[in-house]
Amino acid sequence: MMLSALDNAATSTAFTVRSFRSVLPSSANSETQFQRRRHLTTLGSSASKTVYEKVLENPKYPSEWPFSDSDFMRQDESDDEIFYEPSRLVYHIDDDAVSALTKYYSENLKDGDDVLDICSSWVSHYPTDWKGGNVIGLGMNEYELSQNKQLSSYVVKNLNNDPTLPFDDESFDKVTCVVSIDYLNKPLQVVKEIGRVLRPGGVCMFSISNRCFPTKAFRIW
């Protein structure tokens, strides 16, 4: 697994990109085995170590999942379909963060890659000159997904109700998730599913922001 980080603290959005690499067969994708294969790569030109590097220089991961279901409860536990029903054709991170994310994708997406964008919306922030293969968006608002010109197709699904991904094993080279992991109340199950649908050597990229819908972000966020 690879973990990458970018701190865009100079802008109004504190922003990171984290990715893990699928290096195990599907049957071996436990959280402990994933954790043991992590290392950190810095994005950017600064020679000084970021807080992410310092924290992850020699991490001591627990042997078992340390969180309870209550850790992933939200202030607003009403039906997610109600909250996400209004279409929001806006950016949820600022322009500098968008540019940093698109630059990261330009360096890590290859032409022809089959990509799954989970928690997808009307824009995926992929480079405009990138020529993807089968690019599928999975999200909750059908109109937003229909406006995403970089998708080959899309699936409307609430991963909080059912964290399984409706795709065959080893279907994708990359999986992306833009500033949305904090809304998934079953993140471990979702990440295991990501490991299942990634091909050997595939990579999942999570971008993370300090901005959120606070009533829908899980408790420990």
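How many residues does the largest nonpolar core have, and which of them have the most contacts inside it?

Reply: This is a predicted model, in which local features require a pLDDT of at least 70 and side-chain atom pairs a pLDDT of 80 or more, whereas totals for chains, interfaces and linings use all residues. Residues are numbered from 1 along each chain as its sequence is written, and side-chain values use heavy atoms, with hydrogens and water left out.

The largest nonpolar core has 20 residues, and Leu116, Ile118, Leu165, Phe167, Val175 and Ile194 have the most contacts inside it. A nonpolar core is here a set of buried Ala, Val, Leu, Ile, Met, Phe, Trp, Tyr and Cys residues joined through side-chain atoms within 4.5 Å; buried means under 20% relative accessible area, exposed over 50%, and partly exposed in between (1.4 Å probe, protein chains only). At least two residues of this core come from each of strand 4 (115-118), strand 5 (135-139), strand 7 (172-178), helix 6 (187-197) and strand 8 (198-209). Helices (H or I, at least four residues) and strands (E, at least two) are DSSP runs numbered from the N terminus. Leu116 shows the packing in detail: leaving aside residues up to four places away in sequence, Leu116 touches Ile136, Leu138, Leu165, Phe167, Phe172, Lys174, Val175, Thr176 and Val197, a contact being heavy atoms within 4.5 Å. Another core, of 17 residues, lies apart from the largest one and includes Ala97, Leu109, Trp130 and Met205. In soluble globular proteins, nonpolar side chains tend to be buried together.

Rings of Phe, Tyr and Trp (its six-membered ring) pair if their centres lie within 6.5 Å, with planes under 30 degrees apart counted as stacked, over 60 as edge-to-face and the rest as tilted. The count by this rule is nine aromatic pairs. Trp65 and Phe72 are stacked, at 6.2 Å centre to centre and 15 degrees between the planes. Phe72, at 7% relative accessible area, is buried. Phe72 also pairs with Phe218: the centres are 4.9 Å apart and the planes at 75 degrees, so this pair is edge-to-face. Because Phe72 lies in the loop between helix 2 (51-55) and helix 3 (80-83) and Phe218 in the segment after strand 8, the pair ties together parts that are 146 residues apart in sequence. Trp65, Phe67, Phe72, Phe218 and Trp221 form one aromatic cluster.

As for the whole, the protein has six helices and eight strands, which run β-β-α-β-α-α-α-β-β-α-β-β-α-β from the N terminus on. Of its 221 residues, 47% count as buried. Among contacts with a separation of 6 or more, 69% join residues 24 or more positions apart.
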